[in-house]
Amino acid sequence: MQVPAQFQYEKATSVEHALGLLGKYGPESRVVAGGHSLIPMMKLRLAQPQALIDINEVEELTRISVEEHMLRIGAMVRHAELLSSAVAGEHFPIFHDAEKLIADPVVRNRGTIGGSLCQADPSEDLSAVFAAIRGEAVIQGGEGQRVVPIREFFTGPYETVVADGELLVAVRVPIRSSASAYQKVERRAGDWAVAAAGAELRLDGDTVAEAGIGLTAVGAANFHVPEAEEFLVGGPATAERFARAGEIAAEHCQPVADQRGPVDYKRHLAATLTARALGAALARWHGRHQEA
Amino acid sequence: MEINVTVNGTVYQREVEPRLLLVHFLRDELRLTGTHWGCDTSNCGTCVVWLDEVPVKSCTVLAVMADGHRVRTVEGLADGAGLDPVQEGFRQCHGLQCGFCTPGMMMTARWLLDNNPDPSEEDIREAVSGQLCRCTGYENIVRSVRWAAEHEAAQEEVQA
């Protein structure tokens with residue numbers, strides 16, 4: 001039987017309350033949201049917090065909203081809620097592409113957006129999604145809120161800029177005219193990615209005006225590839241250019257061989273999935289602009 | 001700590017350790033052994049119960065997280081007037097062999113039909129994609145859920 005070691009348990013009722021509890025229990029406390037990463041780690045003693053601060057009842061963190069041209073996703077929003085959110089899918093269809101493939105439907109009922117990002121697993125899907133669309137983490141501490149681009153949020157595997165005594169409260173994304181898509185290869189339903197790529201495009205006529213490429217599970221630094229983005233901007237949006245961008249992305253990855261596949265296979269996937277995600281985003285861009 | 005959990009409509013008050021998992025609370029504290037305990041890693045899905053309105057894997061939920069909430073287990077599926085159509089479907093279509101995955105499968109199937117009364121085979125396979133069955137190859141599980149969907153639709157027509 002796998003059971004976590006003993007810990008103190010506190011149920012926070014507000015962000016202020018959670019921050020107070022984090023201060024009270026100090027660095028050996030952990031915030032628990034859906035618990036679908038932390039509880040398995042606690043069972044295996046990979047994590048052994050002395051205190052758990054449960055934010056499941058913190059109502060103010062559960063909303064998806066549009067405020068001042070920003071899509072704002074509260075840290076306690078469950079994967080299933082993001083998948084079914086019309087407003088999120090309308091502005092960023094990449095969310096629906098990715099969420100359909102994150103874990104399985106029952107796990108998605110419990111796991112949260114904030115929890116997934118704070119876990120900072122090198123194979124996590126939303127890290128690549130938010131990197132592609134240039135999301136921003138809203139982090140609250142005793143001194144107030146600070147905003148950190150997701151591209152600067154991760155400091156290493158399982159490590160983020162969220163400091164002791166701080167709480168990730170939301171992720172927000174500036175709403176602008178763009179199209180986005182996500183492509184993932186997994187060995188079986190509900191598994192982690194062998195590799196996955198997210199892409200966002202904004203065109204000016206036939207020219208790429210803005211490009212975002214996010215990659216997960218292949219060792220891309222901070223889940224994105226600026227070299228491939230820079231290559232695309234200013235050039236035509238063609239399949240040949242997307243294929244080349246994929247090759248550049250693959251060259252800048254550092255995949256490791258594991259039970260999901262060898263290095264060359266993962267690099268191949270990084271290239272192919274990048275090109276496909278760009279192609280899917282382009283099709284959406286054209287679809288949207290023909291409607292208008 | 002003391003928790004109050006409403007399970008299948010009954011309020012249970014218990015003193016529990018914070019590290020007690022919901023699956024063990026149900027099985028060991030309340031003796032509701034219909035919920036099975038399997039892989040312990042949120043992969044197999046045999047421990048699926050409803051927490052409030054949605055199915056969750058109860059090996060990855062702390063019992064204290066259910067404090068003040070409602071839980072529905074396989075024991076709460078039949079309403080006293082007879083089997084739930086999902087249960088009847090599994091019986092009619094031989095939706096189980098060893099039966100180990102069945103409680104979790106049925107709880108997810110009930111939720112699916114409440115949200116999508118006419119699911120396709122693909123919808124059903126997607127809904128239970130986080131749950132493992134090593135006997136049936138899923139064929140009869142899909143048939144069982146379709147049986148329940150068709151009989152519920154027919155029942156509603158009779159009532160209307």
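What follows is a short chat about domains, interfaces and salt bridges.

Me: What should I know before we start?
Reply: This is a predicted model, in which local features need pLDDT of at least 70 and side-chain atom pairs count only at pLDDT 80 or more, while totals for chains, interfaces and linings use all residues. Residues are numbered from 1 along each chain as its sequence is written, chains are lettered from A and ligands numbered from 1 in the order written, and side-chain values use heavy atoms, with hydrogens and water left out.

Me: Okay. How is chain A divided?
Reply: Chain A has domain 1 (8-54), domain 2 (59-174) and domain 3 (179-286). Those bounds come from an automatic or database domain assignment.

Me: How far apart are the centres of domain 1 and domain 2 of chain A?
Reply: They are 18 Å apart, taken over C-alpha atoms. Domain 1 of chain A puts 13 residues into the contact, and domain 2 of chain A puts in 16. Contact here means heavy atoms within 4.5 Å.

Me: How much area is buried between domain 1 and domain 2 of chain A?
Reply: About 1,200 Å², with carbon and sulfur atoms giving 68% of it. Buried area is the accessible area (1.4 Å probe) that two parts lose on being put together, summed over both.

Me: Which helix gives the most on the domain 1 side?
Reply: Helix α1 (residues 15-25) of chain A, with five residues. Helices (H or I, at least four residues) and strands (E, at least two) are DSSP runs, numbered from the N terminus.

Me: Switching topic. How many residues do the two chains put into their contact?
Reply: Chain B has 31 residues in contact with 30 residues of chain A. The two chains bury about 2,400 Å² between them, 61% of it on carbon and sulfur atoms. On the chain B side, B:R19, B:T60 and B:M65 supply 27% of the area buried against chain A, more than any other three residues.

Me: Why give an area at all?
Reply: Because the size of an interface is often given as the accessible area lost when the parts come together.

Me: How many salt bridges link chain B and chain A?
Reply: Three. One salt bridge is between B:E126 and A:R108, at 3.1 Å, N to O. The interface of chain B and chain A also has eleven residue pairs in polar contact, both at pLDDT 80 or more.

Me: What supplies the largest share of the chain B side?
Reply: β4(B), with four residues.

Me: Now inside chain B. What are its domains?
Reply: Domain 1 (2-76) and domain 2 (85-159). Their centres are 22 Å apart over C-alpha atoms. The contact takes 17 residues from domain 1 of chain B and 15 from domain 2 of chain B.

Me: What holds between those two?
Reply: They bury about 1,200 Å², of which carbon and sulfur atoms give 65%. The count between domain 1 and domain 2 of chain B is zero salt bridges. Six residue pairs are in polar contact there, both at pLDDT 80 or more.

Me: How many salt bridges are there over all chains?
Reply: 30. One pair is A:E229 with A:R134, at 3.5 Å, N to O. A:E229 is in helix α9 (residues 226-232) of chain A, and A:R134 is in the loop between α8 (125-132) and β6 (136-141) of chain A, 95 residues apart.

Key: A salt bridge is a side-chain nitrogen of Lys or Arg within 4 Å of a carboxyl oxygen of Asp or Glu. A polar contact is a pair of N or O atoms within 3.5 Å; within protein, one must be able to donate a hydrogen and the other to accept it, and residues adjacent in sequence count only if both atoms are side-chain atoms.
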